Amino acid sequence: TITGDDFTYEDADHGSNVPQGLHTISAHSGVVRMEYTRVEKCGQRGFLGRYCLHMHRMGRCPRCRYVGNAVERGEQRGVSVHDTHDSTFEANVMYDVRGANLYVEDGNEMGNLLKNNVALCPHPTAANGQSGGCKAAGTDNPNSDDLHQSGIWALSANNDFVGNRMAGFIEGLFLQTTAFGRG
């Protein structure tokens, strides 16, 4: 178990008493394998790159994998994939994570396998979709975390999304391939 502290911060831009926790990151080179680990009280809403589980610019990394992890009580995304290719994200479970739970960040990510992951939002969403649920205002991407708060949100459709299960989100899988007109 990897656990963060129970603490909050007050910020006019992000709201008052926003929970903050630890973040993990694998960046730029090497091989990361995180398997069958519980990560809780994680993510830092409003702080770029501070996500519960984060593969950041690993390039082509077929041996990189997040498998069988449990992410619980997170802020601003559960698993983030950024400029990483040919990696595996399988059988991870996310519960009570605010914002997108599986986030494929830039649109250049290719050949990743996102398979048999489960994400559950235990908070009811208002009938109009405007409030409640697992929304996270004050992030760098209001589409994935607030307006279209998603179990899986991706700019790149050039990945394999197989057998994933999402419950309680505004969008289960949201491929926003037109978000940035110039790439």
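This is a predicted model: local features need pLDDT of at least 70, side-chain atom pairs count only at pLDDT 80 or more; totals for chains, interfaces and linings use all residues.
Local features need pLDDT of at least 70 and side-chain atom pairs count only at pLDDT 80 or more, while totals for chains, interfaces and linings use all residues. Residues are numbered from 1 along each chain as its sequence is written, and side-chain values use heavy atoms, with hydrogens and water left out.

- Strands here are DSSP runs of E with at least two residues, numbered from the N terminus.
- Strand β7 (residues 53-60) runs parallel to β10, joined to it by 6 bridges; strands pair if DSSP finds at least two bridges between them.
- Strand β13 (residues 102-104) also pairs with β10 in the parallel sense, over 3 bridges, and L102 in β13 is the bridge partner of V79.

**Nonpolar cores**
- A nonpolar core is a set of buried Ala, Val, Leu, Ile, Met, Phe, Trp, Tyr and Cys residues joined through side-chain atoms within 4.5 Å.
- The largest one has 27 residues, and L53, M55, Y66, V71, V79, F89 and M94 have the most contacts inside it.
- Elements giving two or more residues to this core include β6 (38-42), β12 (93-97) and β16 (150-154), and β7 gives the most, with 3 residues.
- Apart from this core lies another, of 5 residues, among them A100, Y103, L155 and F174.

**Around M94**
- Leaving aside neighbours within four places in sequence, M94 is in contact (heavy atoms within 4.5 Å) with V71, V79, N101, L102, N117, V118, A119 and L120.

Definitions and conventions:
Helices (H or I, at least four residues) and strands (E, at least two) are DSSP runs, numbered from the N terminus. Buried means under 20% relative accessible area, exposed over 50%, partly exposed in between (1.4 Å probe, protein chains only).
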